[in-house]
Amino acid sequence: MEQGNYSVGLDIGTTKIVAIIGKENEYGKIEVLGIGRSKSLGVHRGVVNNITQTIKSIQQAVEQAEANAGLKIGSVVVGIAGQHIRSLQHSDYITRANSEEVINEEDLDKLCNQVYKLVMLPGEEIIHVLPQEYKVDGQAEIKLPIGMYGGRLEANFHVVVGQVSSIKNIGRCIKSAGLDLGNITLEPLASSDAVLSQEEKEAGVALIDIGGGTTDLAIFKDGIIRHTAVIPFGGNVITEDIKEGCSIIEKQAELLKMKFGSAWPGENKDNEIVSIPGLRGREPKEITLKNLSKIIHARVVEIVEQVYVEIKNYGHEEQKKKLIAGIVLTGGGSQLKHLKQLVEYITGMDTRIGYPNEHLAGDSEEEIASPLYATAVGLLMNAIANNAKILVKEKEQDRELVLDGEADMVQQSNVKKERKSVFDLWSEKLKDFLDNAE
């Protein structure tokens with residue numbers, strides 16, 4: 001099968017690594033051709049801390065996906081999260097040489113590239129520069145200034161920053177697993193593509209993706225990303241607390257959480273008890289479900305409150321910035337019983353669980369429509385969009401070259417000038433950087 005016919009998203013999580021192969025069908029929906037999942041060893045709180053183990057886990061997931069789809073994987077789009085991610089707001093402007101000419105895409109590029117030159121802390125690198133609103137000669141709240149006249153072009157930017165070493169380590173793992181790095185995307189952005197509707201993004205919504213090692217937050221308002229954050233707690237700390245509180249092994253703690261866990265302690269009666277087999281012939285342990293949900297409740301409240309602090313930092317309490325669509329929960333941790341009610345109780349905001357099934361073709365397996373795979377489906381959507389861009393570019397190049405065979409050189413130079421998004425440029429820079437770091 002030709003490359004470009006299908007795309008691949010790779011979600012490197014703290015508890016699992018998922019490789020998902022798919023393509024767009026004639027109705028614009030995503031048809032999943034194969035999926036591979038392996039236990040993630042070597043990733044802690046979203047950051048690679050054991051390269052060899054991570055490479056093995058990636059290879060396992062990729063091989064499983066390849067076997068399922070009967071296809072060979074070449075290039076992948078990877079998600080990045082982890083406690084090293086931070087974001088900041090920044091304003092910048094350029095003064096145009098000729099205010100009698102209309103503003104074009106090159107001006108927007110120039111402004112974005114200027115933000116990439118910001119001086120960061122040592123060892124940090126800018127991952128995304130996301131424009132919010134533009135101002136032209138003092139006229140505010142312009143969404144897209146292309147075609148307008150003006151001398152001074154200003155913009156507010158949401159800048160996402162990450163650790164260079166963590167980004168390089170992900171690149172190294174992908175390369176060593178025998179794959180090409182197509183693109184790197186911030187995981188909360190990928191999840192939001194998979195589970196949020198355009199109406200929600202317009203009205204104002206906070207997406208909370210509760211993963212194994214981190215909880216990712218992305219806030220949208222007026223269709224624009226306004227705030228992102230990565231909180232270094234996830235489902236793992238809940239399991240850890242159950243393990244410590246009930247003196248059992250991790251495997252049993254995880255099973256207890258998934259089967260009997262609830263975020264709301266009031267609903268369990270005192271006499272509901274679960275018995276856990278002892279190790280190597282020791283006496284079995286008896287644990288009351290009330291105690292179990294008290295342990296879970298305490299930690300979940302802490303996670304939700306930290307997320308709520310971030311939502312308040314964005315300014316949700318101001319009338320103009322109010323998030324009318326409330327909160328959408330996704331990720332493996334969102335499957336915890338009564339979590340939706342607890343989040344509504346703490347934040348006072350409408351809440352729903354986000355499933356990535358809206359963008360999937362009707363005959364997709366039920367398993368893939370689980371919140372567990374929201375990030376992987378979002379990364380696949382990103383990969384498909386990237387492939388579509390590449391195909392469009394190639395077609396345009398072919399068409400231009402066919403139209404005017406004599407002016408080959410001129411046409412090729414025009415094609416080269418075709419606008420690349422700032423993020424494409426960053427991906428290229430990162431790829432060169434990784435290639436040279438051999």
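Analyst: Glu133, Asp222 and Arg226 are joined in a network of salt bridges. The model is a predicted one, and a total of 15 salt bridges is found in the structure. In general terms, side chains of opposite charge can pair when their charged atoms come close.

Arg299 takes part in two kinds of interaction. It forms a salt bridge with Glu302, in which the closest N and O atoms are 2.9 Å apart. Both residues belong to helix α8, and because they are three residues apart there, about one helical turn separates them. An α-helix has 3.6 residues a turn, so residues three or four places apart point the same way. Arg299 is buried, at 17% relative accessible area, whereas Glu302 is partly exposed, at 32%. The charged end of Arg299 also sits over the ring of Phe233, 5.7 Å from the ring centre. A further arginine is placed over an aromatic ring: the charged end of Arg152 sits over Tyr93, 3.8 Å from the centre of that ring.

Lys201 forms a salt bridge with Asp193, the closest N and O atoms being 3.7 Å apart. Lys201 is buried, with a relative accessible area of 11%, while Asp193 is partly exposed at 29%. Lys201 is also in contact with Ser192. Ser192 lies in helix α4, which spans residues 187-195, and is buried with a relative accessible area of 1%. Apart from neighbours within four places in sequence, the contacts of Ser192 are Lys201, Leu207 and Phe220.

In the salt bridge between Asp11 and Lys16, the closest N and O atoms are 4.0 Å apart. Asp11 is buried, with 5% relative accessible area, and Lys16 likewise counts as buried, at 13%.

The buried residues of α7 are Gln252, Ala253, Leu256 and Lys257. These residues lie on the same side of α7, because the arc they cover around the axis is only 135 degrees. Their cover includes α6 (235-246), β15, β16 (285-288) and α8 (289-314). On the face of α7 turned away from the buried side are the exposed residues Lys251, Leu255, Met258 and Lys259.

One aromatic pair is found in a search of the whole structure. Trp264 and Tyr345 form this pair in an edge-to-face arrangement, with 5.6 Å between centres and 85 degrees between planes. The pair connects distant parts of the chain, as Tyr345 lies in helix α9 (residues 339-347), 81 residues from Trp264. Trp264 is partly exposed, at 30% relative accessible area, and Tyr345 counts as exposed, at 64%.

As to confidence, the mean pLDDT of the chain is 87, and 90% of its residues reach 70 or more. Confidence is highest in strand β17 (residues 327-330), with a mean of 96, and lowest in helix α11 (residues 408-416), with a mean of 44. The pLDDT is below 50 over residues 406-419, a stretch that has 11 contacts in the model beyond near neighbours in sequence. Where pLDDT is low, the predicted coordinates should not be read in detail.

Terms used:
Residues are numbered from 1 along each chain as its sequence is written. This is a predicted model: local features need pLDDT of at least 70, side-chain atom pairs count only at pLDDT 80 or more; totals for chains, interfaces and linings use all residues. Side-chain values use heavy atoms; hydrogens and water are left out. Rings of Phe, Tyr and Trp (its six-membered ring) pair if their centres lie within 6.5 Å; planes under 30 degrees apart count as stacked, over 60 as edge-to-face and the rest as tilted. Helices (H or I, at least four residues) and strands (E, at least two) are DSSP runs, numbered from the N terminus. Buried means under 20% relative accessible area, exposed over 50%, partly exposed in between (1.4 Å probe, protein chains only). A charge sits over a ring if NZ of Lys or CZ of Arg is within 6 Å of the ring centre and within 35 degrees of the ring normal. Contact means heavy atoms within 4.5 Å. pLDDT is the predictor's confidence in each residue, from 0 to 100. The arc is that of the directions from the helix axis to the C-beta atoms. A salt bridge is a side-chain nitrogen of Lys or Arg within 4 Å of a carboxyl oxygen of Asp or Glu.
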